[in-house]
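The entries follow the order in which I went through it.

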Amino acid sequence: MKVKGLKRRKLDNVALAFPAATGKRDSRVFRIYCLLKENVDKRALQESVTEALNKYPLFGSVLKRGNFWYYFEKSGMVPEVKEEERIPCGYMYEKGREKLLCSVTYGKKRINLEIFHALTDGTGAIEFLSEIVKIYLEKAHGVENRTSENKAASISEQEEDSFSRYYSREKQEKKKRRSRPAFLIRSKRVSQSEIRITESTVSVEKLLKRTRELNISITVYITAILMKAVELTMSRKEKKKPVTVMIPVNLRKYYPSKSMSNFFGWMETEYQFGDASPETEEIAAHVKKRFEEDLKPAQVAARMNSYIRIEKNPLLKFIPLGIKDLFLKIGTEIGGRNVTAVFSNMSAVVLPEEYGNYIERFGAIASTDKLQLCACSYRDVFYLSFSSKYVNSEIQNNFYSLMKKEGVEFDILKDKDIKEKL
């Protein structure tokens, strides 16, 4: 395949840590998938992946090591579509091996796209998978897109390093909040080759009915329930530390970026539980206030610029990559002590109406070294998945018990251990 765009490009700001942080406990791989209403045709899917890659050549990149930095290089390779065999989010990046950082598999009615997080974020992955699905349905059913769409981003726009573009050297006032060691889940871990996954769906309409009663967003609501679910497992002594949830923030909502690479920041929202056990409404009110403070454009910009300012330090240019890797890994581990769990809401997947008759829903699963909750929606189906490295599933059980108590009906799709020999 003819390579389009830049032959080589450096990793964007948040991607720099992923190669260093990948280890035995966490592959740093996530999966976005589409569940169709019919079985998948392998041949049509392979043709669709090849065509989609022509539009989004970024996904044909491999990761290489330089003396001082990692960089992506276009390979001209196309993911070979295979039937799903391994567990979701298994290891993909291997140091010293030139291999694609994304894969496409299928299983009966499901089309899976898995990606090493250094390559792109959830927004980029959803856009690429959506393109694959649209082409596939056009081939399989002759579906024609009669809906006018925005002009597709150019290759240079797709591969733009938006962190560098929107970085400002001007000093910005940021509301300082000291990060504290958080409550960390103390449970027996599954072996490093295992992951526990629980998937569920909720009606978007019914979920919105409850959140509108509380005058909060869905993300605030789910965060509050997750915090309460964790609190129910804590002893009185453990409540001296806050429950802290890390939440990725899509920076494209704040800057006019069309980049398909990583362009997200994050915020940490904590709740300090005391002797009293507050109800979900009280926790949600606190979380809402924190969201309003931390998601102000000025605050988002200040946090983003603080990440990039470190990367722009001229002294870093002369530090060998091996040393950078060591410090990035240490920094990631230290930062993890301030986080109880992660909640990533990838928002709604939007496709023209013509494709809807063939699609059941979308889903998202992420690898983790602790506990992570992912969400996305399509039409009236709001999807949730827990990924866990813990044997105990008490938090997940508490979460769904609280949802039931709130009057929000849900369907558990599966709850099982998935194993793979590494």
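**Entry 1**

I began with Ser347, which has a relative accessibility of 29% and so counts as partly exposed. The cut-offs explain the label, because buried means under 20% and exposed over 50%. The model is a predicted one, and I read every value below with that in mind. Ser347 sits in strand S11, residues 341-348. I looked up its backbone too: phi of Ser347 is near 65°, a positive value in a residue that is not glycine.

I then turned to Arg379, where phi is also positive, at about 55°, and the residue is again not a glycine. Where does Arg379 lie? I found Arg379 in the loop between strand S13 (371-378) and strand S14 (381-388). Its relative accessibility is 45%, so Arg379 counts as partly exposed.

**Entry 2: strand S4**

Next I looked at strand S4, residues 70-74. Are its residues buried or exposed? Five of the five are buried, so S4 is largely enclosed by the rest of the structure. I checked the two faces separately. On one side I noted Tyr70, Phe72 and Lys74, on the other Tyr71 and Glu73, and all are buried.

I then listed the partners of S4. Strand S1 (residues 8-10) pairs with S4 in the antiparallel sense over three bridges. In this pairing I noted Lys10, whose bridge partner in S4 is Tyr71. Strand S3 (residues 61-65) also pairs with S4 in the antiparallel sense, over five bridges. Here Leu63 stands opposite Phe72 of S4. The link from S3 to S4 is a hairpin through four residues.

**Entry 3: a sheet of five strands**

I traced an open sheet of five strands in the order S5-S6-S7-S2-S12, and its pairing is mixed. Which strands stand at the edges? They are S5 (82-83) and S12 (359-366); each has a single partner strand, so one side of each is left without a neighbour in the sheet.

Within the sheet I followed S6 (residues 102-107) and S7 (residues 110-116), which run antiparallel and are joined by six bridges. One pair I wrote down is Thr105 with its bridge partner Asn112 in S7.

I also looked for what lies over the sheet. Helix H3 (residues 122-141) lies across S2 (29-36), S6, S7 and S12, and runs at about 30° to S2.

**Entry 4: Leu137 in H3**

I picked out Leu137, which has its place in helix H3. Its relative accessibility is 0%, so Leu137 counts as buried. Setting aside neighbours within four places in sequence, I found Leu137 in contact with Gly142, Val143, Tyr355, Tyr358 and Ile359. I also looked up Leu36: Leu137 and Leu36 are 101 residues apart in sequence, and their C-alpha atoms are 9.8 Å apart in space.

**Entry 5: H2 against H3**

I stayed with H3 and looked at helix H2 (residues 42-55). The axes of H2 and H3 come within 8 Å and cross at roughly 130°. That angle makes H2 oblique to H3. The crossing in which H2 passes H3 is right-handed.

Which residues make the contact? From H2 I listed Ala44, Leu45, Glu47, Ser48, Val49, Glu51, Ala52, Leu53 and Lys55; from H3, Phe128, Glu131, Ile132, Ile135, Tyr136 and Lys139. By class I found nine nonpolar, one polar and five charged residues in the contact of H2 with H3.

**Entry 6: H7 against H11**

My last entry is on another helix pair. Helix H7 (residues 218-231) and helix H11 (residues 394-405) have axes that come within 8 Å and cross at roughly 125°. H7 and H11 are therefore oblique to each other. I noted that H7 passes H11 in a right-handed crossing.

On the H7 side the contact is made by Tyr221, Ile222, Ile225, Leu226, Lys228, Ala229 and Val230, and on the H11 side by Ile395, Asn398, Phe399, Leu402 and Met403. How many of the residues in the contact of H7 with H11 are nonpolar? I wrote down 10 nonpolar, with one polar and one charged.

Technical notes. Residues are numbered from 1 along each chain as its sequence is written. This is a predicted model: local features need pLDDT of at least 70, side-chain atom pairs count only at pLDDT 80 or more; totals for chains, interfaces and linings use all residues. Side-chain values use heavy atoms; hydrogens and water are left out. Buried means under 20% relative accessible area, exposed over 50%, partly exposed in between (1.4 Å probe, protein chains only). Helices (H or I, at least four residues) and strands (E, at least two) are DSSP runs, numbered from the N terminus. Two strands pair if DSSP finds at least two bridges between them. Contact means heavy atoms within 4.5 Å. Axes are lines fitted to C-alpha atoms, for helices over the stretch in contact, and angles run from 0 to 180 degrees between N-to-C directions. Angles under 35 degrees count as roughly parallel, over 145 as roughly antiparallel, 65 to 115 as roughly perpendicular and the rest as oblique. A crossing is left-handed if the near helix is turned anticlockwise from the far one by less than a right angle, and right-handed if clockwise. Ala, Val, Leu, Ile, Met, Phe, Trp, Tyr, Cys and Pro count as nonpolar, Asp, Glu, Lys and Arg as charged, and the others, Gly among them, as polar.
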